[in-house]
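I opened this notebook to record what I looked up in one structure, entry by entry. Each entry keeps to a single topic.

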Amino acid sequence: MSPRRTPERTERAAISRRVQRTRTAGSALAAIALAAAVLAAPGVAQAAPQAVPRAAQGQVAAADITWTLERASNPTQDQLTAYGLITTAMNAAVARYNNLSDLGKSITVRYDPGVPTADGNINGTIRFGNRGYMTERTALHEIAHTIGVGTSGSWSSLTSGGTWRGAQATALVQRFDGSGATLSAGGGHFWPYGLNYENEFSNTAGDRHVQIVVAMVRDGL
């Protein structure tokens, strides 16, 4: 014979059953809510990477140097090879300018086999000819010409006796190379850090080239 339940024991049993039902229902609701969230939200692998703000990368205000490559409608293999080399060079050079400066320019690039090396014009055009010059070093150098190095109306007035006379670029080269350093200028080019020859290029020289061009612009280039 089962023991007789007292009212107190019966009440405790009822409470225990209600608690168990509540826990079960709560677990079910939590599971449903979790499933809905998973279905509604993108998976981790699908989430777009978050862009790192320029300030967090130690960069200055965003620049606005852009470039486009003029392509033949039905390019030859020679043209396709040249386009690939030019694209790699220009992408690297423009990224360096945009990371280290706030200069702006819209540049049009052409492959012209008749050009012995490469050239840049203040009107915003760059031409690459010789394959040996389809490099980041050359692209940086020619972008400087599109900005005004050797091509702007004020270039001559800011150079005298083969030396750049602008205060900001002069102070910068002295910070790089010592208090007695000068920035030489002639024939539409400058040195050091003008990247006039391939053997002058390094990451440090590339960065300093951009910084000096920025200082020249602030000097009135």
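Entry 1. The model I examined is a predicted one. I found that strand 3 (residues 118–120) and strand 4 pair in the antiparallel sense, over three bridges. Within this pairing, Ala 118 stands opposite Phe 128 of strand 4. I then turned to the pairing of strand 4 with strand 2: the two run parallel and are joined by four bridges. One position I looked up there was Thr 108, whose bridge partner in strand 4 is Thr 125.

**Entry 2. The whole chain.** I recorded five helices and eight strands. From the N terminus on, the order of elements is α-β-α-β-β-β-α-β-β-α-β-β-α. The chain has 221 residues, of which 35% are buried. Among contacts with a separation of 6 or more, 59% are between residues 24 or more positions apart. The chain exposes about 12900 Å², and carbon and sulfur atoms supply 54% of that area.

**Entry 3. Confidence.** I looked up the pLDDT and found a chain average of 81, with 71% of the residues scoring at least 70. Over residues 1–60 the pLDDT is below 50, and this stretch has 14 contacts in the model beyond near neighbours in sequence.

**Entry 4. Helix 2.** I checked the span of helix 2 (residues 77–100), which has 24 residues. From first C-alpha to last it reaches 35 Å, close to the 34 Å expected at 1.5 Å a residue. Its buried residues include Ala 82, Tyr 83, Ile 86, Ala 89, Met 90 and Ala 93. Against which elements do the buried residues of helix 2 pack? I found strand 1 (64–69), strand 2 (104–111), strand 4 (125–128), helix 3 (136–147) and helix 5 (203–219).

**Entry 5. Aromatic pairs.** I found two aromatic pairs in the structure. The rings of Trp 155 and Trp 164 have their centres 5.6 Å apart and their planes at 45°, so this pair is tilted. Trp 155 is buried at a relative accessible area of 7%, and Trp 164 is buried at 2%. In the pair of Phe 176 and Tyr 193 the ring centres lie 5.7 Å apart and the planes stand at 75°, so the pair is edge-to-face. This pair links distant parts of the chain, 17 residues apart: Phe 176 belongs to helix 4 (residues 167–177), and Tyr 193 to the loop between strand 8 (189–191) and helix 5. Phe 176 has a relative accessible area of 16% and is buried. Tyr 193 is buried as well, at 14%.

**Entry 6. Asn 196.** I located Asn 196 in the loop between strand 8 and helix 5. Is Asn 196 buried or exposed? Its relative accessible area is 18%, so Asn 196 counts as buried, the cut-off being under 20%. Leaving aside neighbours within four places in sequence, I found Asn 196 in contact with Arg 137, His 141, His 189, Phe 190 and Trp 191. I also noted that Asn 196 and Leu 140 are 56 residues apart in sequence, and 9.8 Å apart in space from C-alpha to C-alpha.

Conventions. Residues are numbered from 1 along each chain as its sequence is written. This is a predicted model: local features need pLDDT of at least 70, side-chain atom pairs count only at pLDDT 80 or more; totals for chains, interfaces and linings use all residues. Side-chain values use heavy atoms; hydrogens and water are left out. The expected span of a helix is 1.5 Å times one less than its number of residues. Buried means under 20% relative accessible area, exposed over 50%, partly exposed in between (1.4 Å probe, protein chains only). Contact means heavy atoms within 4.5 Å. pLDDT is the predictor's confidence in each residue, from 0 to 100. Two strands pair if DSSP finds at least two bridges between them. Rings of Phe, Tyr and Trp (its six-membered ring) pair if their centres lie within 6.5 Å; planes under 30 degrees apart count as stacked, over 60 as edge-to-face and the rest as tilted. Accessible areas come from the Shrake-Rupley method with a 1.4 Å probe; for residues, only the protein chains shown count as cover.
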